[in-house]
Amino acid sequence: MNLKKQWLEWHNKLGWWALAGILIWVVSGISHPMMAWFGPSAAKFFPPSVSLEAPELGNLPALLADEEKVRGARVVKLVPGEGAPLLQVTHSETDPRRYYRLDSGTEVIDGDLQQARWLAAYYSGRPADQIADIQIQTGFDNAYPSVNRLLPVYRVRFAGDDGLTLFVHTETAALASMTDNGKTLLQGVFRQLHTFAWLDDLEYGRLILIGLLMLTLFAFAATGLALLFALKHRKIKDGKRRYHRLLGYVLWLPLLGWSASGFYHLLQSSLVAPVQGLRLGEAGEYRNLNSDFAWVNALNGRAINSLSLIRGADGAPLYRVGLAPAKDSAPGSRNQRFDGRPSEAGALFVDARSGQVLSGFGDREQAQLLAARLAGIQPQDIAGLSLVTRYGPGYDFRNKRLPVWQIDVANDDKTMLFVDPVTGVLVDQSRGIDRAERLSFSLLHKWSHLTPLTGRQLRDGMIVFTLLLLLASSVVGGVMLAGRRKKRARKPQTAATGPMPAPATQ
């Protein structure tokens with residue numbers, strides 16, 4: 001009986017602190033799915049594509065041989081542009097990209113800016129002449145938080161009372177994020193109340209404060225669970241206590257899961273140094289390229305997403321041609337952005353000097369070469385190689401690139417590399433310690449294991465419903481605590497004669 005009293009005493013002592021934490025995180029937690037439910041939706045979900053004919057590529061070898069245009073380039077590829085395909089040249093992760101017309105070889109003035117305007121109109125479905133402001137963004141903020149990863153991006157704001165703003169990543173032709181006044185407000189609420197962004201300049205202060213609140217919630221849920229099973233079942237006349245106890249049977253597991261995974265996520269993000277993510281490769285040699293593009297005729301007019309110049313074995317220049325998916329495979333909902341579908345349906349590799357299509361070389365072989373160049377991984381160090389076509393806990397939607405190749409490295413850290421054979425980029429990498437935390441957060445915090453069964457919207461609805469039940473149970477518990485305190489103030493000499501449940505789990 002003494003043990004039961006100790007559990008009850010600690011449950012009540014933690015009650016007010018737990019109630020404060022629950023109020024903060026329920027309000028902010030509900031704001032997250034609301035951003036997806038009520039935020040703006042893109043008019044298009046696949047990147048733009050273009051159909052190419054052999055004559056259009058006739059000037060490409062001369063363009064690539066001009067050292068003034070491509071000297072020091074890290075990514076060189078052909079991309080769809082407004083009205084005609086363009087040669088896109090990327091020199092670094094931070095500098096604006098340069099664009100050249102295929103027919104004349106002239107550079108597009110403010111090419112990256114113009115490309116961002118065109119992509120914003122494409123994804124938003126609004127005319128480009130409605131763009132009120134456009135600027136390059138090199139840092140994260142409330143409207144474009146660090147969860148989006150890609151930088152730099154172009155922040156494109158359209159005219160109108162809704163404040164529709166798109167964040168466009170021109171190298172991948174990706175819609176990195178999309179927001180309006182309402183979503184930006186919800187994003188600010190989430191960041192300030194859920195992750196305590198107001199303490200970003202005092203990281204250890206943020207770590208201590210959130211950590212204490214998470215431990216309080218965990219201990220509060222644990223003592224409530226202990227009381228549920230320790231106290232005898234009996235008919236409870238007081239309605240508040242009865243409903244509080246019934247809700248406790250439902251809520252103890254979600255509260256334990258959220259608090260434990262939140263604490264784990266906090267420690268990992270604050271104390272464990274992340275591995276370097278995005279890293280550009282090298283485009284390769286551009287001279288003496290073949291001007292015969294007869295192989296394009298084999299495409300039969302099929303649309304392509306991009307044509308990029310990459311380095312093959314021994315640095316030999318290759319064209320990689322990404323084939324666009326069939327039009328009827330395009331998704332009709334915003335789940336494209338979260339669930340992920342590959343933006344291409346296969347690829348061809350062509351020797352840029354001979355003009356011959358390579359039959360024994362593909363993305364798998366290119367992925368192995370990229371692992372060696374970008375991370376120093378030798379073939380004998382590769383434990384596994386697989387194509388990733390959907391987002392998941394190991395490789396999530398924040399990377400905005402599909403498909404990619406996953407390379408499992410046989411080392412002590414159990415490293416995984418994710419490479420993009422389209423442009424020779426190391427997109428992301430993770431260690432075993434990183435994936436363990438991501439899995440915990442995905443299962444216990446985001447309930448991602450339910451998504452294949454329920455879909456994303458129903459899963460989010462279940463989370464919101466559970467949060468509201470938790471809030472109701474906590475408020476009832478708070479009323480009970482206040483009543484008990486008032487009763488003790490009236491009769492300071494009277495000892496408690498029975499168990500008095502408090503805020504959320506009994």
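Start your selection at Trp 447, which sits just after helix 11 and takes a positive phi of about 55°. Helices here are DSSP runs of H or I with at least four residues, strands are runs of E with at least two, and both are numbered from the N terminus. Keep in mind that this is a predicted model, where local features need pLDDT of at least 70, side-chain atom pairs count only at pLDDT 80 or more, and totals for chains, interfaces and linings use all residues. Residues are numbered from 1 along each chain as its sequence is written, and side-chain values use heavy atoms, with hydrogens and water left out.

Now step back to helix 11 itself, residues 432-445. Its 14 residues reach 19 Å from first C-alpha to last, close to the 20 Å expected at 1.5 Å a residue; that expected span is 1.5 Å times one less than the number of residues. Colour the buried residues, among them Asp 434, Arg 435, Phe 441 and His 445. Buried means under 20% relative accessible area, exposed over 50%, and partly exposed in between, using a 1.4 Å probe and protein chains only.

Next, select helix 6, residues 181-194. Helix 6 also has 14 residues and reaches 20 Å, close to the 20 Å expected. Its buried residues include Leu 186, Gly 188 and Arg 191. Just after helix 6, Phe 196 takes a positive phi of about 55°.

Axes are lines fitted to C-alpha atoms, for helices over the stretch in contact, and angles run from 0 to 180 degrees between N-to-C directions. Contact means heavy atoms within 4.5 Å. Residues to show in this contact include Trp 25 and Met 34 of helix 2, and Phe 190 and Leu 193 of helix 6.

Then move to the open sheet of four strands, in the order 4-5-6-7 with antiparallel pairing. Strand 4 (131-137) and strand 7 (174-179) stand at the edges with a single partner each, so one side of each has no neighbour in the sheet. The twist averages 20° from one strand to the next. Two strands pair if DSSP finds at least two bridges between them; strand 6 (residues 165-169) and strand 7 have five, in the antiparallel sense. Zoom in on Val 168, opposite Leu 175 in strand 7. Helix 5 (residues 111-124) lies across strands 4, 5, 6 and 7, at about 55° to strand 5.

Last stop: Arg 241, in helix 8 (residues 239-271). Is Arg 241 buried or exposed? Arg 241 is buried, with a relative accessible area of 18%.
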